[in-house]
Amino acid sequence: MNEKDILKLAAAAADDKRAEDMVALRMKGLSLIADYFLICHGNSDKQVQAIAREIKDKADENGIQVKKMEGFDEARWILVDLGDVVAHVFHRDERIYYNLEKLWGDAPSEDVAKLLEV
């Protein structure tokens with residue numbers, strides 16, 4: 001799987017758990033961390049954990065190594081590191097506070113609706 005396929009898989013998994021305001025940023029050339037950031041949020045601790053767990057489970061099912069998952073117990077900002085793609089699953093309040101979209105405002109975005117098309 002290439003990085004775009006991993007991004008699609010993560011976006012679909014997040015969408016399955018009703019993640020809100022999904023944004024995909026193309027980080028190539030801007031960050032050494034990953035090629036893509038997927039940013040989304042849930043409205044409760046349980047939903048945030050469910051979104052992150054679904055991303056991890058779908059990655060595992062497709063043979064994608066989850067390098068690290070941080071913040072799961074606190075459920076305020078869960079980072080799921082899939083190598084070329086890093087998913088940031090926020091609780092709504094934390095997403096507003098950290099505002100990664102503004103921090104990485106120079107990163108071009110991907111059309112998430114197109115990513116979710118079958």
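D93 is partly exposed, with a relative accessible area of 42%; buried denotes under 20% relative accessible area, exposed over 50%, and partly exposed in between (1.4 Å probe, protein chains only). The model is predicted, so local features need pLDDT of at least 70 and side-chain atom pairs count only at pLDDT 80 or more, whereas totals for chains, interfaces and linings use all residues. Residues are numbered from 1 along each chain as its sequence is written, and side-chain values use heavy atoms, with hydrogens and water left out.

**Salt bridges around R76**

- D93 pairs with R76 in a salt bridge whose closest N and O atoms are 4.0 Å apart; the term requires a side-chain nitrogen of Lys or Arg within 4 Å of a carboxyl oxygen of Asp or Glu.
- Because D93 belongs to helix 3 (residues 92–98) and R76 to the loop between strand 3 and strand 4, this pair ties together parts that are 17 residues apart in sequence.
- Helices (H or I, at least four residues) and strands (E, at least two) are DSSP runs, numbered from the N terminus.
- R76 also meets D45 in a salt bridge, at 3.1 Å from N to O.
- A network of salt bridges links D45, R76, R92, D93 and E94.

**Salt bridge between R26 and E110**

- The whole structure contains 12 salt bridges.
- One of the pairs is R26 with E110, with the closest N and O atoms 2.6 Å apart.
- R26 lies in strand 1 and E110 in strand 6 (residues 109–110), so the pair ties together parts 84 residues apart in sequence.
- R26 is partly exposed at 31% relative accessibility, whereas E110 is buried at 14%.

- Leaving aside neighbours within four places in sequence, L82 is in contact (heavy atoms within 4.5 Å) with I6, A10, I55, A59, I64, Q65 and V66.
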